[in-house]
Amino acid sequence: MTTRTADGGTAAEPDLQRHFDGRVAADQRIEPRDWMPDGYRATLVRQIAQHAHSEIIGMQPEGDWLTRAPSLRRKAILLAKVQDEAGHGLYLYAAAETLGVDRADLTERLISGRQKYSSIFNYPTLTFADVGVIGWLVDGAAICNQVPLCRSSYGPYARAMVRICKEESFHQRQGYELLLRMMAGTPEQRAMVQDATDRWWWPSLMMFGPPDAESPNTQRSMAWRIKRDTNDTLRQRFVDMTVPQAEKLGVTLPDEQLRWNPERGHHDFGEPDWEEFRRVVSGHGPCNAERLRRRRAAHEKGAWVREAAAAYAARGARRPGEVPA
Amino acid sequence: MSESAARPEWPLFEVFVRGRRGLNHVHVGSLHAADPAMALHNARNLYTRRNEGVSIWVVRSDDITASSPDEKDPFFAPSGDKVYRHPTFYPIPDDVPHM
Ligand SMILES: [Fe+2]
Ligand SMILES: [Fe+2]
């Protein structure tokens, strides 16, 4: 591949590669119209699209409780949170599009099952305590994953992550506050919180991906600075952050091996069931089919709206500020 | 593929938000919309859910003309060697007041 240079000539790929490598090594940002290696572009597209799909599918488990929230206050909070997740998906699709992919193609790749999303969203939300635990653990793990990505080498991705991280803090806090309230309630409510914690703890640890030894692309992605920490480092960080929160809440994390290790200065903890992880990732979790079916239905049911709006726009009908009758 | 054929094209818009009075509009991202009115409406929902703005511009991405991003591009060269455009170029004795 060649490209035009200052003197109107062409630069060979080694020069461009050197330029790119220097930028990344200096912790500068790569912007959409910069030259970048094909592998960098393809890896970023896959990573950002998967992340966007996760935000979009992630609306479903909690969305199930929108009509059944126990108070108007909780309903308003949950609605705002789910709406934020839609926003996160859209920020990320916009970032992916700067790499030359088409948004509608990404949607098709999601609903046809060709691109994946986070395995965590394939578990069901059985009680309202799940809403609290998702905010606390799932959004908590997402924050752990996402804060370092605010320094991703790809500018549009980093900027989307900054925006997302600001909003995630509300997500985690509303969940934890919900759980504090329930823990101050009846024995049944406390049991619901413990039960939800038991079910979501291990899937939350899986959100950081397979162990480093089984994550062959980590080194390359770290060299490109589109991944800033290894899976195991992030998982450890999450466990260390969460243990004191669980104590304060008064719930037990379901891991008999979990204990403070003064020599390491970290908590030791057990191994997630990676067999289960692989099963869920490959489409055989409890809710995979349901999540995709719903996303596809929403897309197909919206087709007439997209067509009507496009037809209306084609007539040059509306000016900003004018509202449809 | 039939899905692609039936797919109505909603163009891409770039979104600029004025955070508060006294600031410039700043680029915050992009979105798809059928027309400018819809783009404005969706930009409000997407980029200003928490009082992030007092004014929004949307502009079709296709309508933006951009310089080349390459550092070696001669486009920005004219400003590189004109150090005399900066106030620090001019030595003034320390005891000259108000300068
Ligand atoms: Fe999110
Ligand atoms: Fe969230």
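**View 1. Spacing of the donors of the iron ion (ligand 1).** Along the chain, the donors of the iron ion (ligand 1) follow the pattern E-x29-E-x2-H-x79-E. Donors here are N, O and S atoms within 2.8 Å of the metal (3.2 Å for Na, K and Ca), and water is not among the atoms, so sites may look incomplete. The pair E55(A), in helix α2 (residues 38–57) of chain A, and E85(A), in helix α4 of chain A, links distant parts of the chain, 30 residues apart. Helices (H or I, at least four residues) are DSSP runs, numbered from the N terminus. This is a predicted model, with local features needing pLDDT of at least 70 and side-chain atom pairs counting only at pLDDT 80 or more. Residues are numbered from 1 along each chain, and side-chain values use heavy atoms.

**View 2. Around the iron ion (ligand 1).** E55(A), E85(A), H88(A) and E168(A) are its protein donors, sitting 2.1 to 2.3 Å away. The four donor atoms subtend angles of 81 to 151°, so the arrangement is irregular.

**View 3. Around the iron ion (ligand 2).** Meet its donors: E85(A), D139(A), E168(A) and H171(A), at 2.0 to 2.2 Å. E85(A) bridges both iron ions, which lie 3.3 Å apart.

Conventions. Chains are lettered from A and ligands numbered from 1 in the order in which they are written. Four donors count as tetrahedral if all angles lie between 85 and 135 degrees; four count as square planar and six as octahedral if opposite donors are over 155 degrees apart and all others between 65 and 115; anything else is irregular. Helices (H or I, at least four residues) and strands (E, at least two) are DSSP runs, numbered from the N terminus.
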